[in-house]
Amino acid sequence: MQTVAPQSASTQLKPPVTSVGVIGWVKSNLFNGWFNSLLTLVCGYLIFRTVPPFFKWAVVDSLWFSTSEACRNADGACWSIIPANIRFITFGFFPSEQQWRPLLAMVILVVLLFYSQNRKRWRKSLAYIWALALVAMGLLMKGGLFGLPAVDSAQWGGLPLTLLLSVFGLTAAYPLGVVLALGRQSRMPAVKSLCVVYIELIRGVPLISLLFMSSVVFPLFLPEGVTVNNILRAQVAIILFTAAYIAEVVRGGLQGMSKGQYEAAESLGLNYYQTMRLIILPQALKIVIPPTVSILISAFKDTSLVVIIALFDLLKTTQSVLSDPQWRGFSNEAYIFIALIYFACCFFMSNYSRRLERELDTKY
Amino acid sequence: MHDAPPSRKVPFLNDPANRSIIYQTGVLLMVGVLSYYLISNTLANLDRQNIATGLGFLQKEASFEIGESPIRYSAADTYARALAVGVLNTLIVSFIGIALTVILGTLIGVARLSGNWLVSRIAAIYIEVFQDIPVLLQLFFWYAFFYEALPGPRQAVNPLSGVFLSNRGLVFAIPVYHPAYAGMGLALLIGGVAVLLLKRWAHKRQDRTGQTFPVLPVCLAVVAGLPVLTWWLAGAPTQMNVPVLKGFNFQGGLNISPEFSALLLGLVLYTAAFVAEVVRAGIQSVSRGQTEAAMAIGLKPGQILNLVILPQALRVIIPPLTSQMLNLTKNSSLAVAIGYPDFVSVAGTTINQTGQAIEGVALIMIVYLCFSLATSAFMNWYNKKMALVER
């Protein structure tokens, strides 16, 4: 910064060329001081060494619609593994002539998600639309009604399964989490301690142990002859797991409510349920929307763990393509592809959460 | 009622105390009935399948091999020992992982706040990308990377002399054991204790007389000097155990398996993205005025960081950092997916072999609960130590 004494009002000096425009920006953001200049040079070198070769591998030398034999002789990435196996990766073992059904279910889901993005549309009717849509999606997957042939849930797989586990998991875990949070705040010692033990127990163990429990221990809990299919069991494990985390987030919101709100509700003569439903929860849940979305993101990512109990979700279908001798050895390409899918979903959600955070920040 | 008593009794059901008792009895009854139902079903099923309950199986012979073990283990050992190996493996990967994560996460968090546009953008992209990809997928990716992209042992990459990188893992030379090394460890320990005492003494002296003492150089000299001195006094042994290619794999040196490397790399890169956000939020929570005030009273940059910024930022950083450390420990259970013998993986094998599903899953849960409780107890202690002391 140079300080120039103002000479007179008429002869205003323009700032030097080196402190405005592109040069000025580069100077103040990349080369201010020897340390930053060094950092810039090092980073520039690293980018120069990594990005062009990666670009060459991924785009210039890559093959998109070839056979695996052609890929083996190529230098670049073999994206052909994706188009060649896209149906199996996306839908798993779902009968191929029926695959329009999970596709339609996913389209409904995406359309609804985009529709509900706008907070102005959050009305009671939207909740009914969602309930209806969830039933419709379940029906499309399961079939057996309205002339749709039934598809056994053992054949469900791929992206629909991943989305199903996350959407139904979150829909069920949210109310359960709210109930647990209320239970933890309760003045009744028995209820409170049950909720505390549940929440802390679940939060202290990895999701894998619950999934193991659902796959090997849960069948022992049921009376003889009763079986529950393994997707539902994994679903229950995910719900129970996510609910504990949601409960902690909601508890944060409940603790953020001032005591005056409770007292005002009481002085109006509202009972506990009315107080909670009309006064406390609407405000508390609104405060915690951003952390709730990050719980949702991690729950979405965590559905990939069902691979370990051999459900055919997106990750598992990709792995089984990779275990096919024809396509063995192209795991980088395949994993990058599904990483992009996960990234797109999570990035969308986290961006949305950031936007909501800004909108809801009322600064009172 | 023309003759109502002046103090009307509250009807039994409207009394909050009575209601609360009724509700609680109801809830407990429900939980009790449910658990009775589940337990009786379970007992009937176990009886039918002839599975013995209890932890007796722990003393039986495990008869499965474990790929890597910090303690001596063979298939002839008991299940208890196999599980202990699993616990140790989990602890090793968690400890190293946490240490590396904190370092990498802090670096990226600071880089995110850097005035250098390029550095800050790279850090932001790193954080966004690694947070939004499931950790299991990252583990698979690195595992596949180690197996597919790296050459076999015969064509191993040899970046430094004595270091080989191949699809059998990372092999590097280690010093041959010599009694001097035990002495060096002891010297390091003594040096550490001496440094603690010295710091306390210097602090007291400064409080009393106002004179400062060059703590940092002296401490560094003590910590580094004592072991080197021991090494020199013991005859300066320099013999190294260099890995050599024999047949299809390396002999000698220290081998870090691809499973371990993939697990560690995946966990560290994933968790570091979250830690970076935590660190960034912590540093941003200290207002600029604090730095300016510290400059105004004439503190040096190092002192500003040590005495003003860090104590305040750490207070914000520690609680979420704790939960990230716990996440890393819990995520280390994903080792089972890529075949690193951590506790879950060993317990899974045990369940498959013995059929003791309930005991196995209960053990997994108990062990992880203990890790969680121990970590949060330690971090609570540390947090209390760092907490704001109102004077």
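Predicted model: local features only at pLDDT ≥ 70, side-chain atom pairs only at ≥ 80, totals over all residues.
Helix α9 of chain A bends by about 45° at A:Ser214.

Helix α9 covers residues 207-221 of chain A. How far apart should its ends be? At 1.5 Å a residue, its 15 residues should span 21 Å, and the end C-alpha atoms are 19 Å apart, which agrees.

Setting aside neighbours within four places in sequence, A:Ser214 is in contact with A:Pro219, A:Arg233, A:Ala234, A:Ala237 and A:Ile309.

Elsewhere in chain A, a charged side chain meets a ring: A:Arg203 lies over the face of A:Tyr245, at 5.6 Å from the ring centre.

**Rings that pair up**

Over all chains, the count of aromatic pairs comes to 15. One of them joins B:Phe145 and B:Phe146: the ring centres are 6.1 Å apart and the planes stand at 70°, so the pair is edge-to-face. Another links B:Tyr368 and B:Phe371, with centres 5.7 Å apart and planes at 80°, so this pair is edge-to-face too. For both pairs the reasoning rests on the angle, because planes over 60 degrees apart count as edge-to-face.

Where do B:Tyr368 and B:Phe371 lie? Both are in helix α12 of chain B (residues 357-386), three residues apart, about one turn of the helix. An α-helix has 3.6 residues a turn, so residues three or four places apart point the same way.

B:Ala82 is found in helix α2 of chain B, which runs over residues 79-112. Its relative accessibility is 0%, so B:Ala82 counts as buried. Not counting residues up to four places away in sequence, B:Ala82 touches B:Ala62, B:Phe64, B:Ile66, B:Tyr73 and B:Val346. The C-alpha atoms of B:Ala82 and B:Ser63 are separated by 9.5 Å, and these two residues are 19 residues apart along the chain.

B:Met30, in helix α1 (residues 16-48) of chain B, is exposed, with a relative accessible area of 62%. From B:Met30 to B:Phe378 there are 348 residues in sequence and 37 Å in space, C-alpha to C-alpha.

**Where the two chains meet**

The size of an interface is often given as the accessible area lost when the parts come together. Here, chain B and chain A bury about 4,500 Å² between them, and 73% of that is on carbon and sulfur atoms. Which three residues supply more of chain B's buried area than any other three? They are B:Asp132, B:Leu137 and B:Met365, which supply 13% of the area that chain B buries against chain A. How many residues take part in the contact? Chain B gives 50 residues and chain A gives 56 residues.

Conventions:
Residues numbered from 1 in each chain as written. Chains lettered and ligands numbered in written order. Heavy atoms only, no water. Helix = DSSP H or I, 4+ residues; strand = E, 2+ residues; numbered from the N terminus. Expected span 1.5 Å × (residues − 1). Bend = angle between axes of the 7 residues up to and from the residue. Phe/Tyr/Trp six-rings, centres within 6.5 Å; stacked < 30°, edge-to-face > 60°. Lys NZ or Arg CZ within 6 Å of the ring centre and 35° of its normal. Contact = heavy atoms within 4.5 Å. Buried area = accessible area lost by both parts, 1.4 Å probe. Buried < 20%, exposed > 50% of the residue type's maximum accessible area, 1.4 Å probe, protein only.
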